[in-house]
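Hi everyone, thanks for making time this morning. Let me put the sequence and the structure up on the screen, and then we can walk through them together.

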Amino acid sequence: MSESKLAGQFFDAAIGLLERVRDEEAARIAEAGSLVADAVARGNRLFAFGAGHSSLPAQDVVYRAGGLALMNFLAVPGTAGVDVMPATLGSALERVDGLAGAVLDSSPASDGDVLVIISLSGRNALPVEMAMNARAIGLKVIGVTSVAYATGTKPRHVSGTFLKDHCDVVLDSKIAVGDAELSLDGIDAPFAPASTVVTSAIMQAVMAAAAGELAARGIEPPLLRSGNVDGGHEWNGRVMQEYGDRIFFRH
């Protein structure tokens, strides 16, 4: 089998997952968009969190052309992508009890805000405790996870629960346990993960739903423009100034 054949199979698999999410999660994506729109309209804040590779879709909606300026990345040191050596430390930190509470306590997140938590498996202590602690202080929690892990794996949190059990809205990425779409004779491990592609699309779909909901209420969505088009920097400067009290990233 040629490399190009495998590449095509990966695209087919990713497209199939995207179509499933579009068709099966539409109502919940709209519900999540409404939660985000509610927070914007009330003057509350928006946050996104993910650890390891799940941090990538979270970061993708922060300070993004065409995205909501109010979306902030809730960073947990050592867990954003693969920013530590050894990389296995990031995985270990996801299993540390109490870390999520310490991060939330020192963050600007408060009652009425929205937190999107991304965790493919939803089984580690960090995302589970992040959701539990967030709801305890009055945040609305949107979970983006693969529900299949709840039946295909055992939870690692002492409560015996998964991320999906502590969310106001759960968005199922439909990713199979193991996150690899392809296999081939002669290659011992499955390969070609699609979770980042699908989860990033879910995040952008939620932001699009939120923008549409705000517009339907007669509220101008606080969107950013590309800095590489004429007038983009000036537009963004006005948005940053108007909403500066709800923006916590450096820009």
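**A walk through the sheet and its surroundings**

Let's start with strand S1 (residues 46–50) and strand S3 (residues 114–118), which pair in the parallel sense over 5 bridges. Two strands pair here if DSSP finds at least two bridges between them, and helices (H or I, at least four residues) and strands (E, at least two) are DSSP runs, numbered from the N terminus. Glycine 50, for instance, has isoleucine 118 in S3 as its bridge partner.

Before going on, a word on the source: this is a predicted model, where local features need pLDDT of at least 70 and side-chain atom pairs count only at pLDDT 80 or more, while totals for chains, interfaces and linings use all residues. Residues are numbered from 1 along each chain as its sequence is written, and side-chain values use heavy atoms, with hydrogens and water left out.

Back to the sheet. What is the order of its strands? The sheet is open, has 5 strands with parallel pairing, and reads S2-S1-S3-S4-S5. At the edges sit strand S2 (71–73) and strand S5 (169–172), each pairing on one side only.

Now the helix H2 (residues 26–42): H2 lies across S1, S3, strand S4 (140–145) and S5, at about 135° to S5. Contact means heavy atoms within 4.5 Å; axes are lines fitted to C-alpha atoms, for helices over the stretch in contact, and angles run from 0 to 180 degrees between N-to-C directions. Helix H6 (residues 125–136) also packs on the sheet, touching S1, S3 and S4, and its direction makes about 165° with that of S3.

The whole structure has 12 salt bridges, each a side-chain nitrogen of Lys or Arg within 4 Å of a carboxyl oxygen of Asp or Glu. Which residue forms a salt bridge with arginine 217? That is aspartate 38, with the closest N and O atoms 2.5 Å apart. This pair links distant parts of the chain, 179 residues apart: aspartate 38 is in helix H2, and arginine 217 is in the loop between helix H8 (195–216) and helix H9 (232–242). As a general point, side chains of opposite charge can pair when their charged atoms come close.

So much for my tour, and I'm happy to take questions!
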